[in-house]
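Subject: Structure handover

Hello,

Please find the structure below. My notes on what was found in it follow directly after.

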Amino acid sequence: TTHSAANSAPFRRIAALFPRRHAACYPSRMSANLVSPTPRAAPTRRLLRWLLGGTLALAATVAAAAPTAQEYISGFVLYVRWPEDAQIRSWQVCVAATSTAGDAHYADLRVRDRPFVLRHVKSGDDLDGCQVLDLTAADPAISANLLKATQSRSMLTVGSGRDFCSTGGMICLLLDQPRGGFEVNLSAIRGAGLLINAKLLM
């Protein structure tokens, strides 16, 4: 069974993209394997508090852009818990792509009082230490190989398109849709021993 809906707001500017309260994570007890959050309308003009930094962001414009993969990933880190969460000193995001302008999103960014460390990886590379594997820009063959390497690991895998979840990925970003959105593969997340905030699924 699949419950599907799309998010509509950029993560850095629209506070409603991720919930601001109930930050504790809970194991999901939903029966569906794939779920996605309830749509939320983006405000046209409103001063918003940025979730991660707690600083005030610029007012959102009427034609707000869809969130980037990097914005989504930094938001997911806020609402996912790893088995060794208390021992993690920095969030290591392993990206299966060459360097891009989007890498700058993680510079000087802190989530839950910890910075981000970015690594660019390819098929066959050692993935030890990665909390997140970003496959959103990876070739399908490379993505499949890297997904196999994450089996039995507590690593959040994020890819692009619904097919990614069908092949074992955990979070599927709908980057090709004008307002963005994502779906969550609960079976894969539970199998990896990760906890996800139930509010993220509403």
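**Disulfides**

With the bonded cysteines of the chain numbered in sequence order, they pair as 1-2, 3-4. A disulfide here is a pair of cysteine sulfur atoms within 2.5 Å, and the structure holds 2 of them.

Before the details, some notes on the source. This is a predicted model, in which local features need pLDDT of at least 70 and side-chain atom pairs count only at pLDDT 80 or more, while totals for chains, interfaces and linings use all residues. Residues are numbered from 1 along each chain as its sequence is written, and side-chain values use heavy atoms, with hydrogens and water left out.

The angle about its S-S bond is -80°, and the link of C94 and C130 is left-handed. Helices (H or I, at least four residues) and strands (E, at least two) are DSSP runs, numbered from the N terminus. C94 and C130 are both buried. For accessibility, buried means under 20% relative accessible area, exposed over 50%, and partly exposed in between, with a 1.4 Å probe and protein chains only.

The other disulfide is between C165 and C172, at 1.6 Å from S to S. C165 has a relative accessible area of 3% and is therefore buried. C172 is at 0% relative accessibility, so C172 counts as buried too.

**Aromatic pairs**

Searching the whole structure gives 5 aromatic pairs. The rings considered are those of Phe, Tyr and Trp (its six-membered ring), and they pair if their centres lie within 6.5 Å; planes under 30 degrees apart count as stacked, over 60 as edge-to-face and the rest as tilted.

Among them is the pair of Y72 and F76, which is stacked because the ring centres are 5.9 Å apart and the planes are at 15°. Both residues belong to helix α1 (residues 69–79), where Y72 and F76 sit 4 residues apart, about one turn of the helix. Y72 and F76 are buried. W82 and W91 form a tilted pair, because their ring centres are 5.4 Å apart and their planes are at 35°. W82 counts as buried because its relative accessibility is 3%, and W91 does so at 1%. Ring pairs also link Y72, F76 and F182 into a cluster.

Two strands pair if DSSP finds at least two bridges between them. β6 and β7 run parallel and are joined by 3 bridges; D134 stands opposite V158 in β7. Between β6 and β7 the chain passes through helix α2 (residues 140–149), and this β-α-β crossover is right-handed. A crossover is right-handed if, with the strands pointing away from the viewer, the path from the first strand over the helix to the second runs clockwise.

Strand β7 (residues 156–160) is mostly covered, with 4 of its 5 residues buried. β7 also pairs with strand β8 (residues 171–173), in the parallel sense and over 3 bridges. In that pairing, S160 stands opposite L173 in β8.

β8 is joined in turn to β9 by 3 bridges, and β8 and β9 run antiparallel. I171 stands opposite V184 in β9. In a regular strand the side chains alternate between the two faces of the sheet. Strand β9 (residues 182–185) is covered on both faces: F182 and V184 on one side are buried, as are E183 and N185 on the other.

Is S143 buried or exposed? At 8% relative accessibility, S143 counts as buried. S143 is found in helix α2. Apart from neighbours within four places in sequence, S143 is in contact with L135, A138 and F164, where contact means heavy atoms within 4.5 Å.

S152 lies in the loop between α2 and β7. S152 is at 83% relative accessibility and so counts as exposed. The C-alpha atoms of S152 and G193 are separated by 9.0 Å, and the two residues are 41 residues apart along the chain.

Regards
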